[in-house]
Amino acid sequence: MPKAIHLIRPIIPIIPEVEKPTSAIPFREKVLWTTCSLLIYMVCSNLPLYGVQRARSSDPFYWMRVILASNRGTLMELGVSPLVTTGMVMQLLVGAKVVDVNLDAKEDRVLYMAAQKVVGLLVTLAMAVAYVLSGTYGDVSAIGLGNAILIVAQLTAAGWVLLMLDEMLQRGYGMGSGISLFIASHVSETIVWKAFSPITINTGRGTEFEGACLAFFHLIFVRRNKFQAISEALLRQNLPNLTSLMATCLIFVACIYMQMWRVNLTVKLQKARGLERPYPIKLFYTSNMPIILQTAFVSNIYFVSQMLYNQSPNSPFIKLIGEWAVTSPDSTAQYSVPVSGLAYYISPPATFSVLLHDPFHALFYLMFTLTACAVFGRTWTEVSGTSVRDVARQMRDNQVVMKGHRDTATAKILSRYIPIAATLGGICIGLLTVLADYLGAIGSGTGILLTVTIIYDFYEAFARENASVNSMMAQM
Amino acid sequence: MLQYDDSAFYFVALSFITLYIVPSWYSIINNVRVALFSTDEDIGAVSRTSAEKQKASELKKTSKGLKTLNSTGFIVNFVLTLLCSAIFLWLYFSVQSNGEVNSFDPFTILQIDTGAELKEIKKAYKKMSLRYHPDKNPNNPQAEATFMMVAKAYEALTNPVAKENWEKYGNPDGKQSLAVSIGLPEFLLNVDNRNLVLLTYLIVMVIVVPCAVWAYYSNSSKFGEKDVMYDSYAWYHHNLNEHTLTKSLPEVLAGSAEFRERNLTKSQADKDEIGKVLARVKSHMQKPSYNHPVVLKGNVLLHAHLTRQTDVLSEASMEDLRFMLRYSSSLIDAMISVCKHQESLKSALNCVKFGQFVAQGMWIKDSELLQLPHFTENEVGHVAKGKPSAKTIKEYMAIPNESKKGLKEFTEEQKEDIFKCCDILPNLTVETKVFVDDDEDDNVYEGDLCTVLVTLTRNNVPEGEKAGLVHAPRFPFPRREAWWVALGTKEGKIISIDKVTSPERVVVHKIKFLAPRAGHYEFDLHVLSNAYVGFDHEESVELTTQDPSALPEYKVHPDDAELDDEPTLFEEMMNANIEADSDSDEEEDSDGDDDDESEEEGIRELTEEESKKRELQKKARKKDDSDSDDDSDVEEVHAD
């Protein structure tokens, strides 16, 4: 019988596609293309949408902005969410064998890619429509049908551009995937801005700089009592302070250090004796996936809870899931935060004082995050085809065996490491995230973790690139 | 609308300038320190023999002292830093006088210590209010304002409501409206300047930035591997082939793209000088195949160096020659890599030998003994005729110091130099071993990746020490000792050629290549110094490859073979659900039950999956039986 995926065949010719490069792209050009797409993304994430009513409503998605690389009220309102959603949906469908596709066959692979793109285009459109209909930019009747259509068009077009950029990068014109690149740049932008923002705020206490570094210099130059100046720069509560900045650096360093923990297994190819390859199993075996999944999971709980709460704020059952309130009006950005119920307990404590005030919350949050990360880490190996079973099967099919373990099954050796690495790695990632949140690191724990892992992946790709060039030269 | 704020901009500028000048001053001071106080070893100006003394003092002259800082980058940075520091100071003092942060601190206003007692506060208030009371200071607005502030400060410290307001919002009157501005100069927003600002922006973004990128890119794209120009590589490709001899190599080096601008003869005097030198070196020179003045000049200068006749060169030509010699090492390496690409062992070895001659300043027909300090043709003749006689440098080194010939006309010090030099000259032993890096059987079979392990031992270097710089008094730059290890077939094809640069006493170098078809082979292993003439090793490496059919077949471990039967996590979960739904224990049955309940789609999916699984199992079994396997999917997974 024809597979479901074959239904996509008739529309392949009309979907936009990035052509594969005919020859290998030199490294210099890769950097060029990556920078270009980064620039386009940056411009998009700073261009305000046309036709939007600036409602002072709270931002329901502030939690997801970090991992979705989205900016409120700009062309990048959707961020990479269409990409991520599409990727996850397709992977789940394939992983659960709902869509049967043999990724080893070239034809199926082409069809699968096309299907993914079609789903991506549709998801973007659907999300844009959903955003406008849900009244994020004001009631549809208030902004008018014309404006509503215009907003949908802007969001969809920007989303499609992003989709194409991602495809271009993945086709070998750039380094790594677009999703990671955009997320990393988004977080880095936040961190740099929080450190060097030239915005000044005067609340009657005197002019203060928003950026932590600038504030430090400002206070040092202005205050007569230098000691007081330094302590204020380090510890001020209302705006980003130097402690957060240092915490951010600390988490960066810790994360990079832990990235290097790995078990180096050696494999040998049975067909070409003497050819050995290291097969490292990293502690962060699943990279940043546990934290992405955990964040997505939490965001969904938030989303549902918030929706329910807005519908009927007084139902006790709904209160059990989550009670929401808008943050105090004097802070610069307004968004609703959970104040009790399940949603409250799975949210990170906002500041250190809050943590001391409600230690049970902190403990619950810690336990929840660690457990969720461990479970997601373990599950992800199954979904992404990196589980013991999949890896051992690939090795067997390619006649690759572990060096020094002739009489032991490959699967048995791998099962000594992979499940532990996946689970423990998930826990470590979760722990770092929690630590970052407790220390008040800039850009949120999840954001920093994502950025570091992404940057490290880039670095590894870069090192590999160099190594392959060198070995090519060596063979010449 | 964001307000632009000049005074805030001062602070922004101040902060960024600080961020620039602090590391910049550090690097400037560090550079100066290195220029003034670096030791002789750091710049490679060692003088172990008196022959090296002149080279060391030259090196000290050129790479020490303040004039080494005379580079464009350093000067630009220095001027920029000075400028920024001046701006910094100016900004700092102007900010000090007017940029007081207008924060409300009641303790400062009352001129008491922070956290003073209530009694003290009251006392201070009374004193201050008496002094600044408007009745006492008529027509003095300054005093009146101060009086108001004092009253406010007193209130903030005594009235609980005002105190709370002050602590929370910084103002005893309660929350003030939030004023947000941005630290950028106000003139940017001025309507009159709008066109100018836009124009500047446009010029910078549209013209300057792309031009800068283009300039950088076009410059960097001229250089290939190891910072050697692509044009040089092209020139070498054109001029080197398997018949290239050492004596034609100076011309090849002289034509490198790096020298083309510098070696252009500009004046008639230049040309005359080249003609004069050419007449002197012509007898040692191969007939030039290029008559281009640039190539000819380089060629002549190099020959002057190789035949030790640099004393006839003018100061300018000497500079040009030094410039060529400075780049010669990396360019000769590039020539060798071109030979490697052409797979020609002989020309590669010729290039290495040419490098040796350049380092020692001698030429093909010269005796190896000329490497020793103070030696001339005269002494070489004595050594050759003497008893014990020596033709090669190795033989001469083997002779005990007291019976070495040819030293009659030397002073004690010069003799000492020669003995010292004999200690510095390398004494290398080479061992080789061929094997396959495998944990079961290290015999070589066809198609294996076999390893030639080359162990170099420097016998003249004491245990635990490292090889120092090369003794090359005629080469004006410090040079590190390295060995070229080349493996080639008897037909002269290169299998591998690498520069082994490690200065350790014992160096291990691995050459890996795919074993050829079953049979007996002999390869040539050459180990050549990068700077000394006459220390080349040549060895024969034997390799016997066996037929791979003797190897045991690859067997899948039984546990691994069953991998396909193991359910995935999802299947496990699904099965768990199914089992929970139905009472039957057997899976087949439960599937059947499930099928009845689910839609058509579900049945097809499941059955198809089953059949696919069976197919896979069959395939796996087949693989066990026959050793024929498809190559198509091999490199996919573990190629990374």
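What do the buried residues of helix 15 of chain B pack against? I started there. They pack against helix 16 of chain B, residues 393-398. A reminder to myself before going on: this is a predicted model.

**Helix 15, chain B**

I looked up who is buried in this helix, which runs over residues 377-385, and got B:Glu379, B:Val380 and B:Val383. These three sit on the same side of helix 15, because they cover an arc of only 105° around the axis.

**Chain B overall**

I count 22 helices and 9 strands in the secondary structure of chain B. The chain has 640 residues, and 39% of them count as buried. For contacts between residues at least 6 apart in sequence, I noted that 68% join residues at least 24 apart. The accessible surface comes to about 36,700 Å², with 54% of that belonging to carbon and sulfur atoms.

**Transmembrane records, chain B**

I checked UniProt, where an unreviewed entry lists residues 7-28, 74-93 and 196-217 of chain B as "transmembrane region". I then looked at what the model does over two of these spans. Residues 7-28 are 100% helix and 0% strand, and their end C-alpha atoms are 31 Å apart. Residues 74-93 also come out at 100% helix and 0% strand, with 28 Å between the end C-alpha atoms.

**A nonpolar patch, chain B**

I went looking for nonpolar surface and noted a patch of about 1,000 Å². Its members include B:Leu199, B:Tyr201, B:Leu202, B:Ile203, B:Met205 and B:Val213. I placed B:Leu199 in helix 8 of chain B, which spans residues 194-220.

**A:Thr286**

Last stop was chain A. Where is A:Thr286 found? I traced A:Thr286 to the loop between strand 4 (276-282) and helix 11 (289-311) of chain A. Is A:Thr286 buried or exposed? With a relative accessible area of 7%, A:Thr286 is buried, since the cut-off for buried is under 20%. I also listed its contacts, leaving aside neighbours within four places in sequence: A:Gly377, A:Trp380, A:Thr381 and A:Ala422.

Terms used. Residues are numbered from 1 along each chain as its sequence is written. Chains are lettered from A and ligands numbered from 1 in the order in which they are written. This is a predicted model: local features need pLDDT of at least 70, side-chain atom pairs count only at pLDDT 80 or more; totals for chains, interfaces and linings use all residues. Side-chain values use heavy atoms; hydrogens and water are left out. Buried means under 20% relative accessible area, exposed over 50%, partly exposed in between (1.4 Å probe, protein chains only). Helices (H or I, at least four residues) and strands (E, at least two) are DSSP runs, numbered from the N terminus. The arc is that of the directions from the helix axis to the C-beta atoms. Contact means heavy atoms within 4.5 Å. Patches are made of residues with over 30% relative accessible area and no salt bridge: like charges are joined within 9 Å, nonpolar side chains (Val, Leu, Ile, Met, Phe, Trp, Tyr) within 5 Å. Accessible areas come from the Shrake-Rupley method with a 1.4 Å probe; for residues, only the protein chains shown count as cover. A salt bridge is a side-chain nitrogen of Lys or Arg within 4 Å of a carboxyl oxygen of Asp or Glu. UniProt positions are given in the numbering used here, feature names are shortened, and annotations may be inferred rather than shown by experiment.
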